[in-house]
Amino acid sequence: MSQSDIINSRQIQWFPGHMTKTLRLMEKEIRNVDCVLQILDARIPISSLNPEIERITAGKPHLYVLNKADLADPEITRQWLDYFKSAGAGCLAMDSKQKGRAAATKGPIERELSALMERRRNRGMVGAAIRVMVVGIPNVGKSTFINSFAGTTRAKAANKPGVTRGKQWISVGNFDLMDMPGVLWKKFDSLETASNLAFIGSIRDDILDIEELACGLLSSVRSIYPQQLLARYKLDSEALQLPPYELLQAIGAKRGMLISGGEVDTERAAKMLVGEFRASKWGRLSLERPPQRAGSKEVAESAQDIETDEQ
């Protein structure tokens, strides 16, 4: 049974009104910045690559950051770095929760803008601030990145989507960072993309069926990291052959999540399971692998390349 058989017969969508305002704000403000720094989730680099952001920011120098790399499979992250670079895109991996780690982007930003900086020097504009628009999907870690970059708390951060609601200019040395609210796109063409975003918490949980979400996550992870799943929940290998809902029940039973009559409280088990995945208690996992080679110099087209490769 495939993941698309499990997740939600209803299409997953979440695009509240403030996201429309954010896209309009990006279109207005893009002319006022020198470059764009797009934060991606290292576990799902393509699913977290918003095509609307790519469209709006296409004319500016670009740097991608694979954030939350401490939660992702390090070998797969290395492959993603190679993939982005082969597509002609500047890319770094980091855990921006580690104090000062985000400062590693300062050099690459300056290199990305070297031509602009040279023109500024020729005009005697030495020391002019570099204006960087920081963008990404909800809950990808933009505000945490900015706080790490600044070395102090300058932007609101929380482990849930929708905290940043308006642009914030934050000055750090010779950088002016514009922190934009997290934004998705109006319609997900791929169920896999919508599911991956839901798994990592970029779509509000209260619009989702948590049991369907947990079953989809089990279906996805057991095909690529079966041993981690078995070890975490002390299951035998035969459990991997169970339909996802029965596997969820088996995990709930192992954790003693029973209600009257000895039945498993599957809603409680689902919340536990999704929460433990997001907290990386299953180990370092990556839900997306790069294609064997970059199919285009436009990284935004990679999502289509991946879907084609997997069909």
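**Reading salt bridges in a predicted model**

Author: R255 is partly exposed, with a relative accessible area of 33%. The terms run as follows: buried is under 20% relative accessible area, exposed is over 50%, and partly exposed lies in between (1.4 Å probe, protein chains only).

Reader: On what basis are such values given?

Author: This is a predicted model, in which local features need pLDDT of at least 70 and side-chain atom pairs count only at pLDDT 80 or more, whereas totals for chains, interfaces and linings use all residues. Residues are numbered from 1 along each chain as its sequence is written, and side-chain values use heavy atoms, with hydrogens and water left out.

Reader: How many salt bridges does a search of the whole structure find?

Author: A salt bridge is a side-chain nitrogen of Lys or Arg within 4 Å of a carboxyl oxygen of Asp or Glu. By that criterion, the search finds 11.

Reader: Where do E75 and R78 lie?

Author: Helices (H or I, at least four residues) and strands (E, at least two) are DSSP runs, numbered from the N terminus. Both residues belong to helix α4 (residues 74-86), three residues apart, about one turn of the helix.

Reader: Which parts does the pair R255 and E276 tie together?

Author: The side chains of R255 and E276 meet in a salt bridge of 3.0 Å, N to O. R255 is in the loop between α11 (244-254) and α12 (266-278) and E276 is in helix α12, so the pair links parts 21 residues apart in sequence.

Reader: Is E276 buried or exposed?

Author: E276 counts as buried, at 9% relative accessibility.
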